[in-house]
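This report describes a pocket and a ligand site in turn. Please read it alongside the sequence and the coordinates.

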Amino acid sequence: MTAPNVLDVIIIGAGQSALTTAYFLRRTSLSYLLLDEQPSPGGAWLHAWESLRLFSPAAWSSIAGWPMPAPVEPGNPTRSDVIDYLRRYEDRYRFPIQRSVRVDTISRLDDLWLVQAGDQHWLARAVISATGTWSKPFIPPYEGRELFQGAQIHSAHYRDPGPFAGKRVMVVGGGNSGAQVLAELSRVSETRWVTQEPPAFLPDDVDGRVLFERATARWKAQQEGRCIDEPAGGFGDIVMVPPVREARERGVLVAGRPFARFTETGVEWADGRREDLDAVIWCTGFRPALDHLRELGIIEADGKVQVEGTRVVKQPNLWLVGYGDWTGMASATLIGVTRTARSTVDELVQALAATSLQRP
Ligand code: FAD
């Protein structure tokens with residue numbers, strides 16, 4: 001194989017986290033390239049369900065440098081507003097992006113990273129992984145799940161209620177996805193909602209903006225070694241967006257605890273009661289998409305990687321951006337990722353400068 005040119009940085013992914021990181025890299029003299037599996041801009045938003053809207057107004061849903069334009073229709077931005085914003089953001093800053101490239105693995109080659117995707121490969125001094133979670137839907141183990149003859153899909157692949165009209169559908173999961181999918185489906189299907197614990201609903205006036213302000217206050221207090229009185233409710237709790245409020249008014253926002261096992265035609269409860277179902281929709285979350293790092297032996301039992309800030313502890317010149325609070329406070333949100341993207345690039349610039357100085 002012919003030796004490719006050595007880049008300073010490769011970013012794996014081109015969703016909101018990768019683009020925000022690229023925004024800060026663009027202001028340095030480093031060479032960089034983004035590699036993204038998707039054929040078009042938008043990251044995970046390309047796969048969200050049709051009716052999904054952001055938790056916050058556009059002014060509170062922007063990444064670094066260029067604010068999200070106000071949406072055409074009133075209300076919080078829609079999924080397509082976000083995709084359009086990310087597409088225009090890419091164009092505006094002319095980021096070098098290679099698409100339809102799925103990185104299979106990265107490995108060390110002397111003091112460089114060898115990044116491989118099928119029969120393509122690149123060399124880089126540093127790698128930033130920003131691959132999100134969408135491609136790793138999580139379904140908890142349930143006895144007899146393979147027996148059930150009805151349909152099963154994860155919210156990662158749910159698009160709209162059409163295919164479930166007139167059917168008996170169980171929605172499993174007590175987060176925002178569960179509440180929103182249930183709200184929408186319950187207009188056309190016979191629904192049942194199952195959650196591990198009773199769902200935690202936020203007050204009606206708490207949106208993504210308020211949650212971000214609270215998380216920021218908590219983060220600042222931690223930095224300064226202070227304790228603060230915190231209102232109840234966090235990022236995982238259910239935001240009462242209009243469709244969820246409307247479902248509450250219809251009396252369908254009622255969750256029960258899990259069943260004991262699946263049967264061929266539905267589920268069986270601990271007391272022996274059986275219920276027939278046509279479909280189950282798993283709104284049970286995601287895990288970090290880190291398969292391309294598996295061969296490095298750095299993925300812990302919980303599916304995460306040990307990091308200091310965003311820097312991987314057990315490998316040199318490797319950073320992770322945007323996966324959740326464990327890679328930076330609110331870093332899995334549009335408004336929250338700027339802080340970690342900026343600090344990642346600052347750190348990376350220093351690390352590469354130090355390596356250059358060590359070279360003979
Ligand atoms: P992604 O957007 O997933 O981008 C990662 C990119 O990397 C993708 O294009 C992917 O295809 C690519 N990729 C993955 N693996 C590879 C590989 N091996 N090689 C090459 N490319 C790869 N966020 C908000 O800010 N506001 C909200 O209101 C909000 N509401 C939400 C509501 C719901 C119900 C859900 C489920 C999420 C919501 N989010 C919201 C969160 C948001 O959707 C995600 O956190 C965000 O898309 C993560 O961005 P990212 O760039 O880290 O990852």
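## Second largest pocket

The lining of the second largest pocket divides into 13 nonpolar, four polar and nine charged residues (Ala, Val, Leu, Ile, Met, Phe, Trp, Tyr, Cys and Pro count as nonpolar, Asp, Glu, Lys and Arg as charged, and the others, Gly among them, as polar). The model is predicted: local features need pLDDT of at least 70 and side-chain atom pairs count only at pLDDT 80 or more, whereas totals for chains, interfaces and linings use all residues. Residues are numbered from 1 along each chain as its sequence is written, and side-chain values use heavy atoms, with hydrogens and water left out.

Helix 5 (242-249) and helix 3 (176-185) each supply at least two residues of this lining, and the largest share, five residues, comes from helix 5 (helices are DSSP runs of H or I with at least four residues, strands runs of E with at least two, numbered from the N terminus).

## Ligand site

Around the ligand are 28 residues, of which Ser 17, Asp 36, Gln 38, Phe 55 and Leu 334 come nearest (a residue is near if one of its heavy atoms lies within 4 Å). By class, this shell has 13 nonpolar, 12 polar and three charged residues, and helix 1 (16-25) and strand 2 (32-36) each supply at least two of its residues.

An oxygen atom of the ligand is 2.7 Å from a polar backbone atom of Phe 55, and a nitrogen atom of the ligand is 3.1 Å from a polar backbone atom of Glu 37.

Methods:
Polar contact = N/O pair within 3.5 Å; in protein donor to acceptor, adjacent residues only side chain to side chain.
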